[in-house]
Amino acid sequence: MSTQGKRSVSNAKRESVQDEANVAPTPRVQVIKSQDSNPETDKENAKSLSMHAKIRLEKGQYGEALKDAEWCLNLDPKNPMGHFVAGVSLRYKDFRNSSSDSLVAALTHLTRVVQLDSNLSNYPDLYYHMGVVNEYLSKHKDALQCYNKAMEINPKSQKPRIKLELYHLYMKTE
């Protein structure tokens, strides 16, 4: 293979990796709910948006994940993944400057997941995130309850275990 051919293959591979690293823009279509709106179509579109939002969340694109989750919840207010992504995105998005209003909104979304979906294995870190938000809101008793619940659901999870150990150390020093 010529040097020119190797270079174009190398460029193609690099472009392919760059494409995989970026999530394609969400196909957000402004939805105006009317009397002739089809609830089944809205639920399917919401499900697609929630999966796209989850991918953005996993990539650390919290602002875009939040936008997708909001669109999802506009279509289907009872979509648990939409609430999960919205809650976690609000928790992470600019968390150092988060107002108590955005943290309360995050907690509201995360609590809604528990109300909407009994299969919490779809959200393994749900109670951990609820615990962190409660901790930011200085609701330490609620945070401890959430971390304990997180350990009940997933005993091998390290994040809530570490938080619980830190709380126990802190309580011993008081």
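Reader: What percentage of the 174 residues in the chain do buried residues make up?

Author: A residue is termed buried under 20% relative accessible area, exposed over 50%, and partly exposed in between (1.4 Å probe, protein chains only). In this predicted model, buried residues make up 37% of the 174 residues. Residues are numbered from 1 along each chain as its sequence is written, and side-chain values use heavy atoms, with hydrogens and water left out. As the model is predicted, local features need pLDDT of at least 70 and side-chain atom pairs count only at pLDDT 80 or more, while totals for chains, interfaces and linings use all residues.

Reader: How many helices and strands are there in the chain?

Author: Helices (H or I, at least four residues) and strands (E, at least two) are DSSP runs, numbered from the N terminus. The chain has eight helices and zero strands, giving the pattern α-α-α-α-α-α-α-α along the sequence.

Reader: What share of the contacts in the chain with a separation of 6 or more comes from residues 24 or more positions apart?

Author: Contact means heavy atoms within 4.5 Å. Of the contacts with a separation of 6 or more, 56% are between residues 24 or more positions apart.

Reader: At what angle do helix 3 and helix 4 pack?

Author: Axes are lines fitted to C-alpha atoms, for helices over the stretch in contact, and angles run from 0 to 180 degrees between N-to-C directions. Angles under 35 degrees count as roughly parallel, over 145 as roughly antiparallel, 65 to 115 as roughly perpendicular and the rest as oblique. Helix 3 (residues 62-75) and helix 4 (residues 80-92) pack at about 150 degrees, with axes 8 Å apart; the two helices are therefore roughly antiparallel to each other.

Reader: Is the crossing of helix 3 and helix 4 left-handed or right-handed, and which residues make the contact?

Author: A crossing is left-handed if the near helix is turned anticlockwise from the far one by less than a right angle, and right-handed if clockwise. Helix 3 and helix 4 cross in the left-handed sense. Helix 3 contributes Tyr62, Ala65, Leu66, Ala69, Cys72 and Leu73 to the contact, and helix 4 contributes Gly82, His83, Val85, Ala86, Ser89, Leu90 and Tyr92. For composition, Ala, Val, Leu, Ile, Met, Phe, Trp, Tyr, Cys and Pro count as nonpolar, Asp, Glu, Lys and Arg as charged, and the others, Gly among them, as polar. This contact comprises 10 nonpolar, three polar and no charged residues.

Reader: How do helix 6 and helix 7 pack, and which residues meet?

Author: Helix 6 (residues 126-136) and helix 7 (residues 140-153) pack at about 165 degrees, their axes being 8 Å apart. They are therefore roughly antiparallel to each other, and their crossing is left-handed. Tyr127, Tyr128, Met130, Gly131, Val132, Asn134 and Glu135 of helix 6 meet His140, Asp142, Ala143, Cys146, Tyr147, Lys149, Ala150 and Ile153 of helix 7. The residues of this contact divide into nine nonpolar, three polar and three charged.

Reader: Is asparagine 134 buried or exposed?

Author: Asparagine 134, in helix 6, counts as buried at 4% relative accessibility. Beyond its neighbours within four places in sequence, asparagine 134 is in contact with Leu107, Lys139, Asp142, Ala143 and Cys146.

Reader: What is the phi of serine 138, and where does serine 138 lie?

Author: Most residues other than glycine have a negative phi. Serine 138, although not a glycine, has a positive phi of about 60 degrees. Serine 138 lies in the loop between helix 6 and helix 7 and is exposed, with a relative accessible area of 52%.
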